[in-house]
Amino acid sequence: MLLFVYGILRDPELLAAVLDRPLRADQVLAAVAPGYRATYAPNRLTPALVRAPGGAAEGLVLLGLSAFEHDLIDALADSASRRMVLPVMIGEELHEALAHLPAGPMVPGDPWSFTHWQAVHKAAALPGEIARAAEMRQRLIAIRPH
């Protein structure tokens with residue numbers, strides 16, 4: 001199934017490091033989730049996706065992920081989120097995609113900006129996120145070969 005990412009995994013450098021491989025250009029499609037927006041969540045630099053009538057959260061749809069890669073992204077997701085199916089637009093076409101959304105009620109904060117994260121927080125966050133992904137990958141390999 002398609003995977004919609006709307007937060008820091010939109011960064012190609014981080015995504016390649018998490019997956020331990022780059023995705024081809026035809027496996028990364030610009031998309032929006034109508035009726036949602038990315039918002040700051042309490043005590044986090046990464047966003048939460050919340051319902052927002054009239055909104056449209058920008059993101060990417062990732063294609064060609066293995067079951068192991070889906071498990072890895074699930075393991076890296078915030079523990080207060082769960083994977084759900086939501087509608088996404090790829091160009092003019094409506095699709096269903098998996099995405100990580102808050103597991104419970106959340107008071108939306110200010111809109112979250114991917115470009116702001118890249119400009120202000122990426123340099124400091126990237127090494128830790130890459131190390132966390134590598135550690136999680138090793139843990140998953142130990143219990144689930146890919």
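This report describes the fold, strand pairing and core of one predicted protein model.

**Overall fold**

The protein has three helices and five strands. Along the sequence they follow the pattern β-α-β-β-α-β-β-α. Its C-alpha atoms fill a box of roughly 45 × 35 × 30 Å along the principal axes. A compact globule of 146 residues would have a radius of gyration near 15 Å, and the protein has 15 Å, so the two agree. Now take contacts between residues at least 6 apart in sequence: 70% of them join residues at least 24 apart.

**Strand pairing**

**Core and surface**

Nonpolar side chains tend to be buried together in soluble globular proteins. In this model, the largest nonpolar core has 41 residues. Phe4, Leu49, Leu62 and Leu86 have the most contacts inside it. Several elements each supply at least two residues of this core, including strand 1 (3-5), helix 1 (12-19), strand 4 (81-90) and strand 5 (93-102). Helix 3 gives the most, with seven residues.

Buried residues make up 40% of the 146 residues. The protein exposes about 7,800 Å². Carbon and sulfur atoms supply 58% of that area.

Note on methods: Residues numbered from 1 in each chain as written. Predicted model: local features only at pLDDT ≥ 70, side-chain atom pairs only at ≥ 80, totals over all residues. Heavy atoms only, no water. Core = buried A, V, L, I, M, F, W, Y, C linked by side-chain atoms within 4.5 Å. Buried < 20%, exposed > 50% of the residue type's maximum accessible area, 1.4 Å probe, protein only. Helix = DSSP H or I, 4+ residues; strand = E, 2+ residues; numbered from the N terminus. Rg over C-alpha atoms; globule rule 2.2 N^0.38 Å. Contact = heavy atoms within 4.5 Å. Areas by Shrake-Rupley, 256 points an atom, 1.4 Å probe, with all protein chains shown as cover.
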